[in-house]
Amino acid sequence: MPITPANAQTAGTSAVDAPGGAAEPIMLELVDEDGTTIGTAEKLAAHQPPGQLHRAFSVFLFDEKGRLLLQRRALSKYHSPGVWSNTCCGHPYPGETPFAAAARRTAEELGVAPALLGEAGTVRYNHPDPASGLVEQEYNHLFVGLLRGEPAPDPEEIAEIAFVTPEELAERHARAPFSAWFMTVLDAARPAVRELTGQSAGW
């Protein structure tokens, strides 16, 4: 599967360095309720209350034992720092397909290329984040896949990783902070997760 080079985005900021040292804003695709692109907006502005509906993606990768790879977001992130969430999530650049964006960010954040990465539907949600005051108004494209190779997390993006069974996830979710969107995207992806991992994995 094609993975484009890591050429720009740092997920914890709203600007990137352009040639010559000037900062260029990170732009997101704005969409309507059907997921049709209707324009663009600067990343941080799109998350200011009440939020602008924009395109996003969420990735769920599993090892050969059917365990889900979680990440704890780096403390330097401007949005939801230090909380646990799914394997990888982010926003396509304008004109970039969600699949290409999902593969790109997985490589950038975790240093691995997912195997058998497949589409798992979409979900639309509105999740305010009380800690930051930002709002996730997202039309989210979901992907599930298998992990091949040892993750090498980028410390600017990820503070910690963990592989969990469904039971271990329930225990961790009960005692540790998770992203506001985590359960929404996981529940929406469950049919595809079960198809990928099999009934014995328990998802």
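**Exercise 1. Find where Pro50 sits, and say which kind of peptide bond joins Pro49 and Pro50.**

Step 1: Pro50 is in the loop between helix H1 (43-46) and strand E5 (54-62). Here helices (H or I, at least four residues) and strands (E, at least two) are DSSP runs, numbered from the N terminus.

Step 2: The bond joining Pro49 and Pro50 is cis, with omega about 5°. Most peptide bonds are trans.

A word on the model: it is predicted, so local features need pLDDT of at least 70 and side-chain atom pairs pLDDT 80 or more, while totals for chains, interfaces and linings use all residues. Residues are numbered from 1 along each chain as its sequence is written, and side-chain values use heavy atoms, leaving out hydrogens and water.

**Exercise 2. Decide whether Ser80 and Leu116 are buried or exposed.**

Step 1: Let's look at phi. Ser80 has a positive phi of about 55°, and phi of Leu116 is near 55°. Most residues other than glycine have a negative phi.

Step 2: Locate them. Ser80 lies in the loop between strand E6 (68-73) and strand E7 (84-85), while Leu116 lies in strand E9 (residues 115-129).

Step 3: Apply the cut-offs: buried is under 20% relative accessible area, exposed over 50%, partly exposed in between (1.4 Å probe, protein chains only). At 4%, Ser80 is buried; at 61%, Leu116 is exposed.

**Exercise 3. Work out how the charged end of Arg172 is placed relative to Trp84.**

Step 1: A charge sits over a ring if NZ of Lys or CZ of Arg is within 6 Å of the ring centre and within 35 degrees of the ring normal.

Step 2: The charged end of Arg172 sits over the Trp84 ring, 4.5 Å from its centre.
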